[in-house]
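Here's a quick briefing for anyone opening this structure for the first time. Have a look at the view below, then walk through the points that follow.

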Number of protein chains: 2
Amino acid sequence: MGVKLGILGLGTVGTGTVELLANPTQGHPLLQSVSISKVGVRSLDKFRQVEIDQDLLTTDLEAIVSDSSIDIVVELIGGLEPARSLILKAIENGKHIVTANKAVISRFGAEIFDAASKSGVYVMLEAAVGGGIPVISPLRQYLIVNRIDRVMGIVNGTTNYILTQMQEKGSKFEDALADAQNLGYAEADPTADVDGLDAADKIAILTSIAFCGCLNRDNVYTEGIRQVSRTDIAYAEKLGFTIKLLAIASRNPKGVIAQAVTDSSLSVRVHPTLLPKSHPLASINDVYNAILVEGEPIGQVMFFGPGAGKGATASAVCADILNLVSRIQTASQSNTNSLDPLLVNAHKNECHLSSMAQLATRFYARFLTKDQPGVIGKLGTTFGKYGVSLESVVQTGFQEKLAEIVVVTHDVTEGDFHKALDEIRTAEAIDSIPSLFRVL
Amino acid sequence: MGVKLGILGLGTVGTGTVELLANPTQGHPLLQSVSISKVGVRSLDKFRQVEIDQDLLTTDLEAIVSDSSIDIVVELIGGLEPARSLILKAIENGKHIVTANKAVISRFGAEIFDAASKSGVYVMLEAAVGGGIPVISPLRQYLIVNRIDRVMGIVNGTTNYILTQMQEKGSKFEDALADAQNLGYAEADPTADVDGLDAADKIAILTSIAFCGCLNRDNVYTEGIRQVSRTDIAYAEKLGFTIKLLAIASRNPKGVIAQAVTDSSLSVRVHPTLLPKSHPLASINDVYNAILVEGEPIGQVMFFGPGAGKGATASAVCADILNLVSRIQTASQSNTNSLDPLLVNAHKNECHLSSMAQLATRFYARFLTKDQPGVIGKLGTTFGKYGVSLESVVQTGFQEKLAEIVVVTHDVTEGDFHKALDEIRTAEAIDSIPSLFRVL
């Protein structure tokens, strides 16, 4: 039985997918069952990097999702609309979906999964997180008997490249960003990457998969890397840490003190984080991604690889396609609604997200102070007053006439920490607090 | 439709599996379809760590694999016999197999897969390599459209623990081994781990899966870690390397010079290897395992996690069980022989393994020489004569009255390198060559 694909979009990932389907580096026999029926594009006249029968191209994307001969719609146009509407219409028409679209899944996942469940079709999204790295499928199919406690990762290659350049070459943020743009790792408008929005999309999806629930993407706390300076990277290095942009979803956040936080609540957030150098994620450099999953009884498992790129992402898209083909071909004909439960997105529960104020974490703070005796004492006393205990206090540098003091705390709730900072800010000896980061 | 399990063996992994099935940390709905019919044990009287209905226990393992009510046989007794015969009999009787047995699969995989293919049943083996780390399933289901060029990993936790202790604490091999034995990481007879046999079983299985072929397990070149000394670890450190026991299977080995080696040949081997510190596998420490897969177009992906242990391995066994349950329940009733091609072990090709003499690699060699002028010159001249070019030569240490010289070469075939060494050994100034390792 042949399986017919309708592909929406012939950009980077679309081109990679068409290439890989036409000329697979490894000819899996299942590929012989697959054919491309239509490819939806914006313009028919554009020069294409890939050899493709012009007759397959169409600008009528609606026609693809309505075409009764098409079994699987592969959505690779990205963005929210028309992607969302096209996916929903394809589902309504009984088509399975393969998508690499993190934006639409992170925001409209619940709506899309509900519709898919009603229509008895699959929504496959391996390529939406971690590019070519298999992470969605291991979570859904191979870590299923585990209670997942934390999913944490470096899921944005652009920011990881920038931070690696700053760390290894001492580059300034602006120069590392320009470098990333020249290499094609960063867009002309780098906002989605640099401000953590792309990472927030991805951790929202991982949260939904790992904790089998749905969540409001807008409630993911998101902080980008613009405020990470070379100075902080150097201090972190001295203290045994590497600064990474981490996306974190954790159950029962370790040390949540506030009584109101129930055991079933999750903390989901994206922010620059000081990681101990011995941590498995600390050595993930350049554009690589890695996702660390912690659970019971598995312990820690990590998935590492290329988080983006034409070939790698196409590898995930094609794998999703072949997994669907294998299901379509072996499924019971008499019961077309009997979906493989391991490929279905369970999203019944609403995930309860705790607020950042309730989160207990270690902090790194850098102070610029007047160079006068007793400043460290003042800091220590004020922190102590709010129950903030200090792990280390370092004074090494000067910036012009101001002394630079760096503090790393033990676990403290964000609420208490900020109360202490508010009081410290009013002290006469304190000039400013240029940096504030969480420490894992 | 309920699925009935017959479990063979109630040792560490068997106990973990029964525990996890009875009290899953995460109650996947599919688990409700699974029940344990029989558990085969050696003795009925033994104290069990896990609560289990005594009526389920039997010492008659043959009866389990012949029981017509049982759908899946979970083989967790390990070793070659009776595991092989029981698996084959179960397959003959139409039962699907889940196994964690690396020894039997690495040696009798082809026979078992052939039998399974004839009977139309699955053989699932995620737990046989990398404990709880999903690696077999991503290779079979998610990297399928890639041409795999190299699979390389730290697949034995015991030796990795020993090497980590030697590296980080400067322990002697014997002390680190005793330490591993006290912690339960190493057996009283550590041969299988320390001499690389366990790692060779695992790379044989990974080779078969990644390159879709079968191979003779006995042809895997295997060298253990007994000859790794603190001295070499310290020199490696100085030169920017970490010593790891790597299991490697590579296509078209980079730099194979011998004309006779065809493009389709593989190099499959286990040996201590000097890894550049920046390599993703260099920071995998303690009992952790990691498997790095390189392919086209994916690039590099790595799977990291606990390579052994009750809960982690049981996690993989239970995932295999649930993947079978999902296939059994959604499979076409009318066509019971239509297996999901992504779960079937393709092993049609005989893998052609190149000999070690044909392998081109960098080498590390440590020489003890008389402390006289011209020794380094002599070394350099002799190496040059055989086309061995040197990357670095370091003379720093003394052992009693002998000077210690460490050499790292550029890529050279093993054959040429050994010819040079044979001549060097005859030189009057050379006392001995205590260590010789490959460098990645």
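**Getting your bearings**

Start with one pair of residues: E75(A) sits opposite T99(A) in β5(A). That pair belongs to a stretch where strand β4 (residues 72-75) of chain A and strand β5 (residues 96-99) of chain A run parallel, joined by four bridges. Keep in mind that this is a predicted model.

**Chain A overall**

- Chain A holds 13 helices and 19 strands.
- Along the principal axes, its C-alpha atoms fill a box of roughly 80 × 45 × 35 Å.
- A compact globule of 440 residues would have a radius of gyration near 22 Å, and chain A comes in at 24 Å, which agrees.
- As for burial, 51% of the 440 residues of chain A count as buried.
- If you take the contacts in chain A with a separation of 6 or more, 76% of them are between residues 24 or more positions apart.

**The six-stranded sheet in chain A**

- Six strands make an open sheet in chain A, with parallel pairing and the order β3-β2-β1-β4-β5-β6.
- At the edges of that sheet you'll find β3 (57-58) and β6 (123-124) of chain A; each has a single partner strand, so one side of each is left without a neighbour in the sheet.

**The sheet in chain B and the helices on it**

- Chain B has an open sheet of six strands too, paired in parallel and ordered β3-β2-β1-β4-β5-β6.
- Its edge strands are β3 (57-58) and β6 (123-124) of chain B, and each of them pairs on one side only.
- Strand β5 (residues 96-99) of chain B runs parallel to β6(B), and two bridges join them.
- Within that pairing, I97(B) stands opposite V123(B) in β6(B).
- Helix α1 (residues 12-22) of chain B packs on the sheet, where it touches β1 (3-8), β2 (34-40) and β4 (72-75) of chain B. The direction of α1 makes about 155° with that of β2(B).
- Helix α11 (residues 310-330) of chain B packs on the sheet as well, touching β1, β2, β4, β5 and β6 of chain B. Its direction makes about 165° with that of β5(B).

**A helix pair in chain B**

- What describes two packed helices? The angle between their axes and the distance between the axes.
- For helix α3 (residues 83-92) and helix α4 (residues 102-119) of chain B, the axes come within 9 Å and cross at roughly 10°.
- That crossing makes α3(B) roughly parallel to α4(B).
- On the α3(B) side, the contact is made by A83(B), R84(B), I87(B), L88(B), I91(B) and E92(B). On the α4(B) side, V104(B), F108(B), I112(B), A115(B), A116(B) and S119(B) take part.
- Sorted by class, this contact of α3(B) with α4(B) has nine nonpolar, one polar and two charged residues.

**Where chains A and B meet**

- Chain A puts 50 residues into the contact, and chain B puts in 50 residues.
- On the side of chain A that touches chain B, the elements giving two or more residues are α5 (136-142), β13 (299-306) and α11 (310-330) of chain A.
- Which element gives the largest share of that side? It's α11(A), with ten residues.
- By class, the side of chain A that touches chain B has 27 nonpolar, 19 polar and four charged residues.
- Strands also pair across the two chains: three bridges join β13(A) to strand β13 (residues 299-306) of chain B, and the two run antiparallel.
- In that pairing, M302(A) stands opposite F304(B) in β13(B).

Technical notes
Residues are numbered from 1 along each chain as its sequence is written. Chains are lettered from A and ligands numbered from 1 in the order in which they are written. This is a predicted model: local features need pLDDT of at least 70, side-chain atom pairs count only at pLDDT 80 or more; totals for chains, interfaces and linings use all residues. Two strands pair if DSSP finds at least two bridges between them. Two residues are in contact if their C-beta atoms, placed from the backbone, lie within 7 Å. Axes are lines fitted to C-alpha atoms, for helices over the stretch in contact, and angles run from 0 to 180 degrees between N-to-C directions. Ala, Val, Leu, Ile, Met, Phe, Trp, Tyr, Cys and Pro count as nonpolar, Asp, Glu, Lys and Arg as charged, and the others, Gly among them, as polar. The radius of gyration is taken over C-alpha atoms; the globule rule is 2.2 Å times the number of residues to the power 0.38. A residue is buried if 20 or more other C-beta atoms lie within 10 Å of its own, exposed if 12 or fewer, and partly exposed in between; C-beta atoms are placed from the backbone. Angles under 35 degrees count as roughly parallel, over 145 as roughly antiparallel, 65 to 115 as roughly perpendicular and the rest as oblique.
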